[in-house]
Amino acid sequence: MTRPRTILVVEDESSLRELIAHILLLDDHEVDTARDGVEALYRIEQREYDLIISDLQMPNLDGPGLHQALRERYG
């Protein structure tokens, strides 16, 4: 048996964020959520993820901005 994957779901719309997280949990993944890119960066500093699923348009820091920040920090 393989280990569960750790996944971060970044989505500002709460119902969609929770739906995606629920589906991934049913597939035995470990799931964290964030409301925007700023919160996602905080979570990424606290834990390593196998996959990040992100919305493109969010307040504070959008998906492309999150991607750019991750590239600058982690290469």
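Which elements each supply at least two residues of the lining of the largest pocket? The points below describe the fold and then come back to this.

1. The model is predicted. Its secondary structure amounts to 3 helices and 3 strands, which follow one another along the sequence as β-α-β-α-β-α. The radius of gyration is 12 Å, close to the 11 Å that the globule rule gives for 75 residues, so the protein is as compact as a globular protein of that length. Along the principal axes, the C-alpha atoms fill a box of roughly 35 × 30 × 15 Å.

2. The 3 strands make an open sheet with parallel pairing, in the order S2-S1-S3. Strands S2 (30-34) and S3 (51-54) are at the edges; each has a single partner strand, so one side of each is left without a neighbour in the sheet. On average, neighbouring strands are turned by 20 degrees against each other, direction ignored. As background, strands of a sheet pair through backbone hydrogen bonds, in either a parallel or an antiparallel manner.

3. Strand S1 (residues 6-10) runs parallel to S2 and is joined to S2 by 5 bridges. Within this part of the sheet, valine 10 stands opposite alanine 34 in S2.

4. Two helices can be described against the sheet. Helix H2 (residues 37-46) packs on the sheet and touches S1, S2 and S3, with a direction that makes about 140 degrees with that of S2. Helix H1 (residues 14-26) also lies across S1, S2 and S3, and the angle between H1 and S2 is about 170 degrees.

5. The volume of the largest pocket is about 190 Å³. Its lining consists of Ile44, Tyr49, Ile52, Ser54, Gly63, Leu66, His67, Leu70 and Tyr74. Sorted by class, the lining holds 6 nonpolar and 3 polar residues, with no charged residues.

6. To return to the opening question: S3 and helix H3 (63-74) are the elements that each supply at least two residues of this lining. H3 gives the most, with 5 residues.

Methods:
Residues are numbered from 1 along each chain as its sequence is written. This is a predicted model: local features need pLDDT of at least 70, side-chain atom pairs count only at pLDDT 80 or more; totals for chains, interfaces and linings use all residues. Side-chain values use heavy atoms; hydrogens and water are left out. Two strands pair if DSSP finds at least two bridges between them. Helices (H or I, at least four residues) and strands (E, at least two) are DSSP runs, numbered from the N terminus. Axes are lines fitted to C-alpha atoms, for helices over the stretch in contact, and angles run from 0 to 180 degrees between N-to-C directions. Contact means heavy atoms within 4.5 Å. On a 1 Å grid over the protein atoms alone, a cavity is a set of points where a 1.4 Å probe fits but cannot get out, and a pocket is an open set with protein on both sides within 12 Å along at least five of seven lines; lining residues have an atom within 4 Å of a point. Grid points are joined across faces, edges and corners, and a volume is the space filled by probe spheres set on the points. Ala, Val, Leu, Ile, Met, Phe, Trp, Tyr, Cys and Pro count as nonpolar, Asp, Glu, Lys and Arg as charged, and the others, Gly among them, as polar. The radius of gyration is taken over C-alpha atoms; the globule rule is 2.2 Å times the number of residues to the power 0.38.
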